[in-house]
Each structure stands twice: as structure tokens, then as C-alpha cells.
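Me: I would like to learn how to read a protein structure, one feature at a time. Could we start with helices and go on from there?

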Amino acid sequence: MATPNPPSSAPSDLDIERFETITYQQFQRNAANLNRPFIVGPALTEAWPCIRKWRQIPGNDSQIHEHLNLTALREYAHHTVQVADCSTRRYNEFDRTERRLGEVLDLWERENENSRKLYVKDWHQALLLEKNGGKQDYIYTTSDIFKDDWMTHHALTLDPPDDYRFTYVGPKGTFTPLHRDVYGSYSWSSNIIGRKHWWLVPPGHTDIFRIRKGSEDMVFDIRDLGEDVWKEKVKVVVQEAGETIFVPSGWYHQVENLDFCISINQNFASSHIMPTIYHNLLQSQARVEEAIDDVKIMLRDHAAKQSGIESGAVNDDVREWEVEWLEQVQSLLEMDAGWGLRGFWAMVAYNLQNPPVDASLRPSDDYVHAKLRPLVEDFRHRREYAVLEDLRRLVDDVALIVGAHSST
Ligand SMILES: O=C(O)CCC(=O)C(=O)O
Ligand SMILES: [Fe+2]
């Protein structure tokens, strides 16, 4: 029997829920429980100083930057930024260079074919402002719902301080190819000026975008595949100026600027997704280990020769070569993925001891500890725990807090 059509107002699986305003409990349900995207209306950003500063009073000229007051960005002309050239693809990204923002502003103001393709991305505007004695809230305030962020909260304590807060500026037509966010983190992105077109792929539909069956590599631009292939599977939405979008953990997405846009975004992670982040890091580590497997054999054989033991018969207690091996893997992982196991556990320990936000805006300690206990237990079976003393001490500190009892 045919099922009747749902009333046209019923939300379909492809709809993105929109909130005018949102409570922390609603955020928790969508982020932690359902891991699905949503959009929050302009009420979240309307008091941000940057909206007033960067919006251009409409005139009747036909500048490509329309509503964006590029002159107001001159204040940051000395900031070094990453610039993607959207006319030149390089692997899974566009060609990128590092330039002073002032140089890019000059190019945009000259308005030619080449400058229309330049997209300023991953500009650490808030961090650079703070380094010069300023404050993030001169530009914007992070919404309460996103404050339980373990990544930037910890990264700001490093020497030199780092963060995952970014500003994006790009003319109409510039775009970000299909990707997943770093380490399986969440992101939020608020459009200050202009509209963005988003394509969001639910984790269950990732396979249709692989370049080959079983491959880790994804298509660069969803649109190359033809809409019929993905139409029923991908969430597509236009994000208006002032709106904020939440991108869930592990969702592939791609974004096109429909106008000259400026947006503020942040990759973030709270206790809900620590297991994802931990397992993603271990997967990256496994790839590093595989790539330099010959180094392991070399170190082990060398140690065996030195101690006069036949290769393969090295006693488990001979650890020096293994310390060297595990350290090499960690430093390569840090270069490749931006951090390693030390960074992960230091972040966890720091956030347990110094929660980023008041208890009403984060899960209960019981919840947080229950999320972390299995990770501690897993890590205690790893060679890094047995061999690298500083890591063992760090993880033992975490174990004490979360109540993971020693296995020995
Ligand atoms: O706005 C863009 O071009 C990309 C934003 C993005 O990928 C994100 O917020 O995760
Ligand atoms: Fe992203």
C-alpha cells in the first residue's frame, strides 16, 4: 500500500533545523546525542562589534565587495594570513600562500580576474589581536553554547599560544572543497557579511564521494558528480548573513561564498567527542608507523647487534631502541597531524583541572569521566604508556581524576 505523502511542512531528513535562539540543552541534544547540523538565527551575533565595523553602508557603486567595508579591515593589514588561490588546485586543496592581509586588500581593491579568486582562510585574527594586547571581544564574543571547547582553551596556554579560531574572507565564487574538520572536531561558523552555500554529507553517505571504492580520497567538488548521485543524500542550505551554522563531528562538507563574505569560525571539541579525537589520532599514528616501518626494523636490528643478540631475539626489556622509535613516531605525527599523543593527553588533563566554562554550560563530571575512562584503559595497554615515562605520568594523572583504576 502506498504511504501518503507527509504534509509539506513536515521536516524531511535533509532539512536543517533552524533555531531563533538556542539553549545549552538544545545544543547538547543536537551535538552530543544526534550529531547533526543546525543553524541559529542572527540573534546570536547581532551584538558583535564586527558587524557594525565591517558592514558597508550600501552605495550605488558596483564594487565586488558589495556590503563588506574592506577599508575597515586595513586595521589588520599587518596580519599574516593564509591565502587560497581558487583557480589553482593542489591535491585536495587550492594552492596556498602566506601573505600580509594588506597585500590581499590591495589586490581585491584593484578588482581583476585573479584577485577575485583569492580566499583568505584560517586567519588567526583573534590570536594575532591578543598578541598585540587586544581582546577577542573587540570583534566578537563566543556564544555560551560553544564555550565548552577543550581545544582552544588548552592551545592558548602553549608557548607560543595557539588556537583554532579563524576568520575567512573571500569574494563571490571562492569556495572550500569537500573536507572533514581537523581531528574529527566540531565547527561553528558565523557569517558576518554575505551568504554561503553549504553541502553537508551525513557520515552514512560518505562512500558515494570516494574517488574509488575503498579509497580514503574524496572528490574535490561534489558538483562534479552530478546532482542525481547525491540529491537525496546531502543536506544543502544557504546560510544568510548573521546566521551561525554548527557542523557536526565527522561530517564531510563543502562551502561556496555566494557574495563577498566575511565569516568567523572555530573548530572545537568537548568531552562528547574525545573518543573520536583519540581514535582519529591513533589512526593517523598508524599511518605514520606504516610509512616508516623500515626505521623500526633498522633500530631494532641495530640494538640487537650492539647487544650481541640475534635479530628477532631481542629481549622485551631492551627498551632504548623502542624509546627512540616511539619518539620518532610522535615527532612525525606532530609534524603531520599538528599534534601527537602528548598534546592529546595534556589537553585532556588541562581541561579536567581547569574546565573552560561554568558547570551549567558543560556536561556533568560523571558524564565526562565515563567518556574518558575507556580511553585511559585503552592507552594503558599501549607501548607508549609502558615506555615513555612522561606520558605515563600524564595519563596516570588523568586516571586519578576520572577514576580509572590501575590495571596492575
Ligand atoms: O566557510 C568556508 O569556506 C569553510 C568553513 C568550514 O569548512 C567550516 O566552518 O568548517
Ligand atoms: Fe570545515
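Reply: This is a predicted model. In general, two packed helices are described by the angle between their axes and the distance between the axes. Here, helix H11 (residues 365–379) and helix H13 (residues 389–402) pack at about 145°, and their axes are 10 Å apart. H11 passes H13 in a left-handed crossing.

Me: Which residues of H11 and H13 meet?

Reply: From H11 come His369, Leu372, Arg373, Val376 and Phe379; from H13 come Val395, Val398, Ala399 and Val402.

Me: Now the sheets. What is the order of the strands in the open sheet of nine?

Reply: Strands of a sheet pair through backbone hydrogen bonds, either parallel or antiparallel. In this sheet the order is E1-E2-E11-E8-E13-E6-E5-E3-E4, and the pairing is mixed. Its edge strands are E1 (17–19) and E4 (93–100), each of which pairs on one side only. From one strand to the next, the twist averages 25°. Helix H3 (residues 101–110) packs on the sheet and touches E3 (80–90), E4 and E5 (118–123). The direction of H3 makes about 110° with that of E4.

Me: Is strand E8 largely enclosed by the rest of the structure or left open, and why?

Reply: Strand E8 covers residues 186–193, and eight of its eight residues are buried, so the strand is largely enclosed by the rest of the structure. Buried here means that 20 or more other C-beta atoms lie within 10 Å of the residue's own.

Me: How many bridges join E8 to E13, and how many join E8 to E11?

Reply: Seven bridges join E8 to E13 (residues 261–268), and the two run antiparallel. Within that pairing, asparagine 191 has serine 263 of E13 as its bridge partner. Four bridges join E8 to E11 (residues 244–247), again antiparallel. There, serine 189 is partnered by isoleucine 245 of E11. E13 also pairs with E6 (residues 165–170), antiparallel and through six bridges. In that pair, phenylalanine 166 has asparagine 265 of E13 as its partner.

Me: Which residues lie around ligand 1?

Reply: The residues around ligand 1 are Tyr168, Thr176, Asp181, Ser187, Ser189, Lys196, Val247, His253, Val255, Ser263 and Asn265. The elements that give two or more residues to this shell are E8, E12 (252–257) and E13.

Me: What about a residue outside the strands: is phenylalanine 209 buried or exposed?

Reply: Phenylalanine 209 is in the loop between E9 and helix H6 (227–230). It counts as buried because it has 21 C-beta neighbours inside 10 Å. Apart from neighbours within four places in sequence, phenylalanine 209 is in contact with Leu178, Val201, Met218, Val219, Ile222 and Tyr252. Its C-alpha atom is 8.9 Å from that of phenylalanine 220, eleven residues away along the chain.

Me: Last, the backbone. Where is there a cis peptide bond, and which residues other than glycine have a positive phi?

Reply: Most residues other than glycine have a negative phi, and most peptide bonds are trans. The bond from aspartate 159 to proline 160 is cis, with omega near 0°. Proline 160 is in the loop between helix H5 (150–155) and E6. A positive phi is found at tyrosine 91, near 50°, and at tyrosine 183, near 60°.

Me: Where does tyrosine 91 lie, and where does tyrosine 183?

Reply: Tyrosine 91 is in the loop between E3 and E4, and tyrosine 183 is in the loop between E7 and E8. Tyrosine 91 is exposed, with 8 other C-beta atoms within 10 Å, whereas tyrosine 183 counts as buried, with 21 C-beta neighbours inside 10 Å.

Note on methods: Residues are numbered from 1 along each chain as its sequence is written. Chains are lettered from A and ligands numbered from 1 in the order in which they are written. This is a predicted model: local features need pLDDT of at least 70, side-chain atom pairs count only at pLDDT 80 or more; totals for chains, interfaces and linings use all residues. A residue is buried if 20 or more other C-beta atoms lie within 10 Å of its own, exposed if 12 or fewer, and partly exposed in between; C-beta atoms are placed from the backbone. Two strands pair if DSSP finds at least two bridges between them. A residue is near a molecule or strand if its C-beta atom, placed from the backbone, lies within 6 Å of it. Axes are lines fitted to C-alpha atoms, for helices over the stretch in contact, and angles run from 0 to 180 degrees between N-to-C directions. Two residues are in contact if their C-beta atoms, placed from the backbone, lie within 7 Å. A crossing is left-handed if the near helix is turned anticlockwise from the far one by less than a right angle, and right-handed if clockwise.
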